[in-house]
Structure formats: C-alpha cells, structure tokens
Amino acid sequence: MRPIGTATRGTTNPNRLRRMDRWIAATHGPALRRADSPVAVDIGYGAAPWTAVELLERLRTAEPRTAVVGIEISPERVAAAQPYAREGLTFRHGGFEIPLPQRPVLIRAANVLRQYDEGEVTAVWQRLCDRLAPGGLLVEGTCDEIGRRHVWVALGPEGPRTVTFATRLGSLDRPSDLAERLPKALIHRNVPGERVHAFLRDFDRAWAAAAPYASLGARQRWITAVRALSGDWPLTDGVRRWRQGEVTVEWGALEPGGL
C-alpha cells in the first residue's frame, strides 16, 4: 500500500519536543501501564530520528515496557534512522495509514500537519484516531525550532479533547506569543470573532493583571494569570502542570466556528 501523506521539510533538533513528551508521559502514563503491549508511534519524525529516540526514553519513565515506532514517508529518512534502532525502537516506511499490525496506544504527530492545508486536517485526524487502540491518544501540534513554545491538540478515538499551551516562561513576553505556534486547525482562526482569539485575548489581560507577581518570578506570574483565566474558561489541569509553564483547555471552548 502506498503511504498516505506528503513528504514535509523534516527539520528537527534534539530536545525540540521535550515539553510535549513530558506532558504525554504525565497525563497518558496510566493508559500505557494498562496496555498489554504499549506501542507509541512518532509519525513524521523528520530527517533525523532524535524525536523518536527521546520519546522512547521519556515514555519509559512512565511505563518501561513501552515500544516506539518511528514512521516516515521518506524511505531515505527511514534508512538513515536504522543505526539508531534498538530494543523497543524501530523505524518504518509509511504515512497516515500507520502500517503496524497492532493498534498503538499513542500516536504523536508534531510539526507535520502545520505543512498541510487547513481543510485536510479533519480527515487526517479521523484517519489517525481510527488506528488508535481503545483508550489511545493522538497528540498533534506545533512548536518552534528549539522547543520553547508549543501548542498541541489531544484527541481520542471519539475526536478532539483538549488544547495545551506550553512555554519556557523566561522567553515569554505575553501569552499570545504562543499564537504563532497554534496547530493548523487553529492558526488561521486567531481573528476577532473566533474562540481561540478570545481565549488568547483574555489570557493576555490576565497576564497583564498579574504583573505585580513578576517580582516573584515568571512562574508565579503565570500561575496567577492561569488561575484568573480559569474563572471564565474550562481548564482541565491544575497548579502541578501550570508550574511547568502549561495550561490545558477543553477543545470545545476553542473549537473553530465563531463565538
């Protein structure tokens, strides 16, 4: 079967996806532990396999039995990755069809759909979610080149669940700086009248109001701003994750379609 998808630029850097990986390990660890054979997929890992190598290391802190399969649509990238294969880490040629005999508990697609058209996103999401094992998770999102700023959507077999914003707080001027890393499903919706625009507007206002806490550090200012934001927006996490420079909101609150 010919792989489904289009070859993308494939640029990557070590530790680029560390924020996403740590969130997955913390929030999806129980599902990995419950699985009889926990398999995770890193789809579109790029010209070098660093993200797949690191995903294995980080998921094994949550469940040591986890295996990772890196899938790339470019045969040359698969061949280049083979020297990094080891116990629990393999590389395969393929695309969105996920050419595995078993259904994975996790599929991660980072910086892949950013290079597709917005109109293609829903179909790709559906195809990937259809390949998940029961209780599985798809994480799809975008980050900058060195992993300071991320935004990702978490989806289950039923569809989108949440959107997470994550950043290195010392690099942040205001929360709406993260808008440039919105995933493809949301990045063109950051305009007046759309929910994601309203969320980032309110986040900026809460951040400005929390300015007095900056003397205690960026983390305390972030926590204060997010706590204020939680009064009007359905956040799904708490201080433990906020301390990491994260905040997660229900997908329905940001879903495209206008206010």
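This is a predicted model: local features need pLDDT of at least 70, side-chain atom pairs count only at pLDDT 80 or more; totals for chains, interfaces and linings use all residues.
The model contains an open sheet of 8 strands, arranged in the order 3-2-1-4-5-6-7-8 and showing mixed pairing. Its edges are formed by strand 3 (89-93) and strand 8 (246-250), each of which pairs on one side only, and from one strand to the next the twist averages 20°. Within this sheet, strand 1 (residues 39-43) is joined to strand 2 (residues 67-72) in the parallel sense, with 5 bridges between them; Ile43, for example, has Ile71 of strand 2 as its bridge partner. Helix 2 (residues 50-59) lies across strand 1, strand 2, strand 3 and strand 4 (106-110), and the direction of this helix is at about 160° to strand 2.

A further packing arrangement involves helix 6 (residues 195-209) and helix 7 (residues 218-229), whose axes are 8 Å apart and meet at an angle of about 125°. Because angles over 145 degrees count as roughly antiparallel and those of 65 to 115 as roughly perpendicular, helix 6 and helix 7 are classed as oblique to each other. The crossing in which helix 6 passes helix 7 is right-handed. On the side of helix 6, the contact is made by Phe199, Asp202, Phe203, Ala206, Trp207 and Ala208, while helix 7 contributes Ala218, Arg221, Trp222, Ala225, Val226, Ala228 and Leu229.

Technical notes. Residues are numbered from 1 along each chain as its sequence is written. Side-chain values use heavy atoms; hydrogens and water are left out. Axes are lines fitted to C-alpha atoms, for helices over the stretch in contact, and angles run from 0 to 180 degrees between N-to-C directions. Helices (H or I, at least four residues) and strands (E, at least two) are DSSP runs, numbered from the N terminus. Angles under 35 degrees count as roughly parallel, over 145 as roughly antiparallel, 65 to 115 as roughly perpendicular and the rest as oblique. A crossing is left-handed if the near helix is turned anticlockwise from the far one by less than a right angle, and right-handed if clockwise. Contact means heavy atoms within 4.5 Å. Two strands pair if DSSP finds at least two bridges between them.
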